[in-house]
Amino acid sequence: MASSLLLAVVFVFDLIAFALAVAAEQRRNTATLAQNSDGRKYCQYDSDIATGLGVGSFFILVASQVIIMIVTRCLCCGKAMRPSGSRSWAICLFITSWVTFIIAASCLLAGSVRNAYHTKYRDLMGERAPSCQTMRKGVFAAGAAFIVFTGIVSELYYVSFSKANNNGPPRDTGVRMGNL
């Protein structure tokens, strides 16, 4: 049977990762055009806290996925599961869990890297103002959405895996040669 404690721990980890991703989306960098004492225009960026929030969310998401994979022995390193509908669901959910995890992790890492990128003096030779590039809206939000999907799918995977492994002793339905 699936461990309620493990499900609760993974849920809390995913909830914290989601909250950090939403906070990172809210605290993305914004840039304003400023002028230095020489009269040259440059980009002035505000706080860089969203990068740290995105990276923190990524590491907590990884911890959640690692916990599930260690407990289930990553589906491939344990004893063979019994043929059943639960085994089929476990295999499908295992693949889906990894796909949603990779998408969420990619969004969080790409958002963190892009948020940390600052242009200072982009157009030194020309007279026009530099373009103050910032990250587009929604990168961390997409990561947060896929964190939710990853959490749901990975917990369903764990429950299906537990059902497939705990069906009781094997039944002998075949006819043995000694019985003839």
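**Helix H3 and its neighbours**

Modeller: H3 has 32 residues and spans 46 Å from first to last C-alpha, close to the 46 Å expected at 1.5 Å a residue. The expected span is 1.5 Å times one less than the number of residues, and helices are DSSP runs (H or I, at least four residues) numbered from the N terminus. This is a predicted model, where local features need pLDDT of at least 70, side-chain atom pairs count only at pLDDT 80 or more, and totals for chains, interfaces and linings use all residues. Residues are numbered from 1 along each chain as its sequence is written, and side-chain values use heavy atoms, with hydrogens and water left out.

Colleague: What caps the N-terminal end of H3?
Modeller: Ser-84 does, with a side-chain oxygen 3.3 Å from the backbone nitrogen of Ser-86.

Colleague: At what angle do H3 and H4 pack?
Modeller: About 155°, with the axes 7 Å apart; H3 is residues 85–116 and H4 is residues 139–165. Axes are lines fitted to C-alpha atoms over the stretch in contact, and angles run from 0 to 180 degrees between N-to-C directions. H3 and H4 are therefore roughly antiparallel (angles over 145 degrees).

Colleague: Which residue types make up the contact of H3 with H4?
Modeller: It divides into 20 nonpolar, 10 polar and 2 charged residues. Ala, Val, Leu, Ile, Met, Phe, Trp, Tyr, Cys and Pro count as nonpolar, Asp, Glu, Lys and Arg as charged, and the others, Gly among them, as polar.

Colleague: And how far apart are the axes of H2 and H3?
Modeller: They are 8 Å apart, at an angle of about 160°, with H2 covering residues 49–71. That makes H2 roughly antiparallel to H3.

Colleague: New topic. Where does UniProt put the "transmembrane region" annotation?
Modeller: The unreviewed entry gives residues 55–76, 88–111 and 139–159. In the model, residues 139–159 are 100% helix, with end C-alpha atoms 30 Å apart.

Definitions and conventions. Helices (H or I, at least four residues) and strands (E, at least two) are DSSP runs, numbered from the N terminus. Angles under 35 degrees count as roughly parallel, over 145 as roughly antiparallel, 65 to 115 as roughly perpendicular and the rest as oblique. A polar contact is a pair of N or O atoms within 3.5 Å; within protein, one must be able to donate a hydrogen and the other to accept it, and residues adjacent in sequence count only if both atoms are side-chain atoms. UniProt positions are given in the numbering used here, feature names are shortened, and annotations may be inferred rather than shown by experiment.
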